[in-house]
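Hi everyone, thanks for coming. I'd like to walk you through one model today, so please have a look at it on the screen.

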Amino acid sequence: MEQIREMLHEFGPDRFATYVYAGLGGIAVVSVVAFFLLSWSWIVAIINVFLGFVVWRHLTLQSSHPPLSTGRRWISRREPRVPNTSNLPAVYYLYILGSGGHTSEMLETIRRKFIPQTNAHRRYLVSHGDDDSLRRVAQLETRIFNCLRPSPNPDLTPAQNEEIITPAGTHDAFLIPRARRVHQPLLTAPFSSLRTAIHAINALTREPNDRPASRYHAHFKYPHVIITNGPATGFIVCLVAHLLKIFYLAPQNRLKMVYIESWARSRSLSLTGRLFLWTGLADSFCVQHEGLLKRYPGRGLLFVGKVAARLAPPG
Amino acid sequence: MNPVDAAVDGSQASDPRGDRLGGGASPVPGRRCFVTIGATAGFRSLVEEVSTPAFLACLAAHEFTSLEVQCGPDLAFFEQRVASLSDEEMCGVLVHAFDYTGDMHAHILLCRGEAGARPAGCVISHGGTGTIGEVLGVAAPLIAVANPTLMDNHQLELVEDLEEQNLVVHGQIGSLPAAIHRIVQLIPQGTLDDLPPYQPPPFPVAAADRFTLFDWMVLTCYPEELAAQTRALDLGESAAESAAHQQQQQQQQHLVGTESARASSREDDALLQLD
């Protein structure tokens, strides 16, 4: 009972995730009942209609991905005034941190893309037990805060000053169980992946505490962009996000996905990369080595340069 | 007492950044070698190789005076091996070992050669992107050793590619002394001994260097704003293009000043309008 109460507390005031679980449970019960009551021909017909719907939605969502030529123009832009996101009502990124090298690469990418904006929120997804990543996120956020700290307004009380959102924006972190621990047998991996998926729904739909709906309406309800660079957890989170969009549980113009293949992969794609390529989940599939474009021609790979590695200028 | 034991004991008693890190007592410190196997997986063969007398002799022969090893799970194994060496086999190299550190950057920075402060040392690392990126970021000499026990030996790809670009020396287990020899030859070529003091990269980065893909992706959530900014991008670029074009024309006219050059520029203008 205590655990359930804790979980409900975790879901936040709007209980979105609770409704999703209740809905899933209801569908499960209805389908079991239907399985016994209906004739085979009905069951087959219903399953066909369902699969048809899923495939149709999947293709619709895929056709809304920005075309590769557009992506290339964005990368090679020579106009420094665009893109400008500082006037939008909200800019909300979800960064998925793996461990070790994945985290290093992601933090370097964040450093390369950061721009001071009061309307920005960053959410970090960290695996359970990955204290190293948590510590490094804290380091980065401290650095962001320190270099953008405004002088306190003397007309306000210290508490009010605390509440003002600085150009550093806001951030929070979510812990999520690992999809597969190191050395975990593949047999039990589907179950632990399911647990990850259940937590992912919460991380994807829980509004940030610093951005309550009472002040920001629903602008911060869903992340705009999910960024992942290779851990298995990232694929599961993106799959969940895609399913939410397929079943109209999340709006189509949120939860855009960017996959950045690790800098380590210069000749072939990693397992997660191939999964993203086959399923076509990612709105934008980025690689950091030009050689990969030749290896996988016509598959929508976008070459973005070394965005996750800091190389000193030669000499 | 063996100097190794002293160093090892010191590392266990205090934090990983022992006082030895602050630089030697002598005014001109020798070269420093830092070995790291990363935070994720163990790499016993590398730990084993750097505790052989042949490797220590090679370090000493190339003016290295201290060796630091981040051993991960193999710390006890390393300590045991080093303790079994005699003073002669140590060749006067000061050895310091620890399992993990929260501040890898400080250790790597001490291998960067800075004019007047210290000569360039050398980092010997596993083939992980995090470590390689960090070492190359501070321009310290790097020997990268791919860990063959990891999933489909994926580190080898990156290490081989980086060696082709002359950014790292690809170290092989069993022939690390040869790699040390090579890196010491490469140090004067890149003048890595006399770099200016280290400046951390600017933060936030300059607008022109920013990686903006994510901002564009956010804009795709607001189609009207995206359309407006795409127009701004088009306008800005065509303005820049035509400015460059005009400059080119002026140069052409200046150089040639013939009727044909003017005709071709008129043609170009027509093309631009068609675009």
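So, to begin: how many cavities of 30 Å³ or more does the structure hold? There are two. By cavity I mean a set of points, on a 1 Å grid over the protein atoms alone, where a 1.4 Å probe fits but cannot get out. Grid points are joined across faces, edges and corners, and a volume is the space filled by probe spheres set on the points. The largest cavity holds about 80 Å³. Its lining, meaning residues with an atom within 4 Å of a point, includes A:Y93, A:Y95, A:R122 and B:D215. Strand 1 (91–96) and strand 2 (120–127) of chain A are the elements that give two or more residues to that lining.

A word on conventions. This is a predicted model, where local features need pLDDT of at least 70, side-chain atom pairs count only at pLDDT 80 or more, and totals for chains, interfaces and linings use all residues. Residues are numbered from 1 along each chain as its sequence is written, chains are lettered from A and ligands numbered from 1 in the order written, and side-chain values use heavy atoms, with hydrogens and water left out.

Now, confidence. The model scores ipTM 0.91 and pTM 0.83. For chain B, the mean pLDDT (the predictor's confidence in each residue, from 0 to 100) is 81, and 81% of residues reach 70 or more. Residues 1–26 of chain B stay under 50, and the model has 35 contacts (heavy atoms within 4.5 Å) for them beyond four places in sequence. Where pLDDT is low, the predicted coordinates should not be read in detail.

On to the fold of chain B. Helices (H or I, at least four residues) and strands (E, at least two) are DSSP runs numbered from the N terminus. Six strands of chain B form an open parallel sheet in the order 3-2-1-4-5-6, where pairing takes at least two DSSP bridges. Strand 3 (94–98) and strand 6 (169–170) of chain B each have a single partner strand, so one side of each is left without a neighbour in the sheet. Strand 2 (residues 64–70) of chain B pairs with strand 3 over five bridges, and B:E68 stands opposite B:H96.

Finally, the UniProt record, an unreviewed entry, places "domain: Glycosyl transferase family 28 C-terminal" at residues 33–183 of chain B; such annotations may be inferred rather than shown by experiment. That stretch is 40% helix and 18% strand, with its end C-alpha atoms 11 Å apart.

Conventions:
On a 1 Å grid over the protein atoms alone, a cavity is a set of points where a 1.4 Å probe fits but cannot get out, and a pocket is an open set with protein on both sides within 12 Å along at least five of seven lines; lining residues have an atom within 4 Å of a point.
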